[in-house]
Amino acid sequence: MKLSKAKHKDTEECYMSNGLRIGVYPGSFDPLTNGHLDIIHRASKLFDKLIVAVLHNDSKQAVFSMEERVELIKKCTGDIENVEVDMFSGLLVNYVKKKQAVAIVKGLRAVSDYEYELQMAMLNKHIDKNVETIFLMADIQNSFLSSSIVKELAKNGGNISGLVPEQIIDDINLTLRKKL
Ligand code: PNS
């Protein structure tokens with residue numbers, strides 16, 4: 001399928017797939033947390049289609065396999081009609097272009113996220129000026145939450161209820177007990 005570009009009034013162009021506005025929400029999702037799921041719900045209302053894209057990165061040691069991470073996300077997003085779960089490797093910008101998406105979606109929890117995310121957004125825009133990044137602020141109750149905290153807590157026998165979607169608590173605990 002040929003990449004179509006939508007003309008914008010002032011300057012630039014953005015990628016569009018047959019008039020559909022597609023957003024890409026990339027991440028490691030090792031594993032999915034309530035914070036991620038909140039961003040997925042909110043971002044799915046802003047786009048015709050939202051692709052949750054799990055990064056396959058050989059150099060970053062993940063606890064959950066690609067298949068496990070994708071499965072956990074699918075289990076929690078099956079009820080959102082316009083959400084698709086996929087995997088990608090390599091440059092995010094190339095994946096965004098391949099999917100003809102109009103924007104990358106990222107969640108921001110605290111000021112500490114800002115510097116890194118700003119750098120990534122700038123870098124991605126430098127690689128391709130048509131790739132926009134939009135940020136959604138994390139809900140206050142998820143602002144301290146991360147996949148690392150969930151793993152740390154579960155690994156030490158803590159209760160991860162309220163931090164990850166209910167339907168994947170057992171899967172996460174089981175997998176972590178097997179692997180850690
Ligand atoms: O959930 P994370 O680990 O914060 O997600 C980070 C992610 C996947 C968004 C980021 O590492 C990424 O975009 N990786 C793909 C490689 C890439 O395009 N890097 C930027 C240019 S070097």
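**View 1. The largest pocket of the predicted model holds about 1200 Å³ of space.** A pocket is an open set of points, on a 1 Å grid over the protein atoms alone, where a 1.4 Å probe fits and protein lies on both sides within 12 Å along at least five of seven lines. Its volume is the space filled by probe spheres set on the points, which are joined across faces, edges and corners. The model is predicted, and totals for linings use all residues, whereas local features need pLDDT of at least 70 and side-chain atom pairs count only at pLDDT 80 or more. Residues are numbered from 1 along each chain, and side-chain values use heavy atoms, without hydrogens and water.

**View 2. The lining of the largest pocket comprises 46 residues.** Lining residues have an atom within 4 Å of a point. Pro 26, Gly 27, Ser 28, Lys 60 and Lys 106 lie nearest the centre of the pocket. With 9 residues, α4 gives the most to this lining; helices are DSSP runs (H or I, at least four residues), numbered from the N terminus.

**View 3. The ligand takes up the space of the largest pocket.** A molecule sits in a pocket if more than half of its atoms lie within 2 Å of the grid points. Around the ligand are 13 residues, each with a heavy atom within 4 Å of it. The shell receives 3 residues from α4, the most from any element.

How values were computed:
Helices (H or I, at least four residues) and strands (E, at least two) are DSSP runs, numbered from the N terminus.
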